[in-house]
Amino acid sequence: MLPASVTVDPAFVVGPVRRRTFGSFVEHLGRCVYSGIHDPEHPTADADGFRGDVLELTRELAVSTVRYPGGNFVSGYRWEDAIGPVEQRPRRLDLAWHSTEPNLVGVDEFMRWAAKAGVEPMMAVNLGTRGVQEALDLLEYCNVPGGTEWSDRRRANGAADPYRIRMWCLGNEMDGPWQIGHKTAEEYGRLAAETARAMRMVDPGLELVVCGSSSSAMPTFGEWERVVLTEAYEHVDYVSAHAYYWEEDGDLASFLASAVDMDHFIESVAATADAVRAAGKHTKRIHISFDEWNVWYQKRAESRPPSGDDWPVAPVLLEDRYNVADAVVVGNLLISLLRHTDRVHAASLAQLVNVIAPIMTEPGGRVWKQTIFHPFALTSNHARGEVLRLAVDSPLVETARFGEVPALDAVATHDPATGDLVVLATNRSVTDDVALDVDLRGFPGLRLVEALTLSNPDHTWTATADDDASVAPRANTTAKVADDRAHAELPPVSWSILRLARA
Ligand code: AHR
């Protein structure tokens, strides 16, 4: 048993818990849209063809924002293909995923789905094959009340009121050589700045996200952000960050410490943005939109798009099956995002349904939860108020990739309005229990409401449509609160949530 202690103090506020930290992502990729959110033949489908069971789980997951329509897909997308009468919409090649896009779902359908799911849309424009004008056309279609070509087209298509979408992504992963229309940092920075400037002429209140790096391993990481922000600083509000992790070559210890990379990623991007701020004599700060993050086994066959003359509609792609260790890492990545709430103002778990997703569907059939559903849903449903910085004293564990890292990683949230305190904790040891001791003297008289732990002696246990519940988070019966201290035993490879309230 490894002893670890944590001190929580209400004065150590990092910043607010932001609902936008709990965003997700719907891309026209594989079965995310077609047979994911949209399946008109499904018994639970509504008049728009949206699956009611998926909508229900989206609400249970407590997703705040949803980024749309890509991803790599957006860099070849003609948004106007997918408006108006469905039977007149063209089918197009989707070069990003070597698929056929039937355009049955477009911006109007997505906005109706978002309203039903109760999520805020986050729209991406194509800066791969397109530019300023097409971004302006889409913005006019979405946000202008009426009386112009595109806004009247929206009205004719059934949406009398403007959508007034606030958050917009200026392209996607433009640093990646795989991206359609990939650009150098200088080329992209200029295009993003000009697109942003023009979009703000239509609607000054927009919140704009410029593309940062596709991963911290990109050769251009750091320099990309510096150059792009030097061009676009005054015109944008956020720089994006994307990161995917997976257990490589059986190195579970390093995989469990993935949040160390996310911490490094966030802190490096914030430092770079601040350096550009100083050099450019800017006053505002740029924040981070971590708008793609998850576990993704990129080398698995499921991630390989079709090839040759095979251009299927909605093929099975990126349908990773997540195990318990993957869920522990997802829970830990959320801890990292929360810990940086002063700089990370939005984030999107990529993706929502079927494609590296917490929610899985059978076409026309069952819906089920992957293991990663649970830490996301519990954190999103219970983290409220302010994020607190913790004093953590933890034993170290050795990893091949990151050296020695603390076995215990934790964060807390405190809601001053209700007094509720939530402690989120990951035991990253592969072998040992952690005996967690939490000093609560800053919060006298709290009682334990609930303690849940996600773990399993077999960390490779994977949920299926037949059994997605036998390894869900369970009550941690070792958890106790007495004399303003909380204690809990955290098994190896586990993620836990302790919920405390005023007595
Ligand atoms: O989320 C899957 C893909 O990962 C997205 O399309 C792309 O932006 C990223 O490389």
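Guide: Helix α1 (residues 52-61) packs against helix α2 (residues 107-117) with the axes 9 Å apart and an angle of about 55 degrees between them. Axes are lines fitted to C-alpha atoms, for helices over the stretch in contact, and angles run from 0 to 180 degrees between N-to-C directions. The two helices, α1 and α2, are therefore oblique to each other; angles under 35 degrees count as roughly parallel, over 145 as roughly antiparallel, 65 to 115 as roughly perpendicular and the rest as oblique. Helices are DSSP runs of H or I with at least four residues, numbered from the N terminus.

This is a predicted model, in which local features need pLDDT of at least 70, side-chain atom pairs count only at pLDDT 80 or more, and totals for chains, interfaces and linings use all residues. Residues are numbered from 1 along each chain as its sequence is written, and side-chain values use heavy atoms, with hydrogens and water left out.

On the α1 side, Leu-55, Thr-58 and Arg-59 meet Trp-113, Lys-116 and Ala-117 of α2, where contact means heavy atoms within 4.5 Å. The residues of this contact divide into 3 nonpolar, 1 polar and 2 charged. Here Ala, Val, Leu, Ile, Met, Phe, Trp, Tyr, Cys and Pro count as nonpolar, Asp, Glu, Lys and Arg as charged, and the others, Gly among them, as polar.

Trp-113 also forms one aromatic cluster with Tyr-68 and Phe-110; rings of Phe, Tyr and Trp (its six-membered ring) pair if their centres lie within 6.5 Å.

Methods
Rings of Phe, Tyr and Trp (its six-membered ring) pair if their centres lie within 6.5 Å; planes under 30 degrees apart count as stacked, over 60 as edge-to-face and the rest as tilted.
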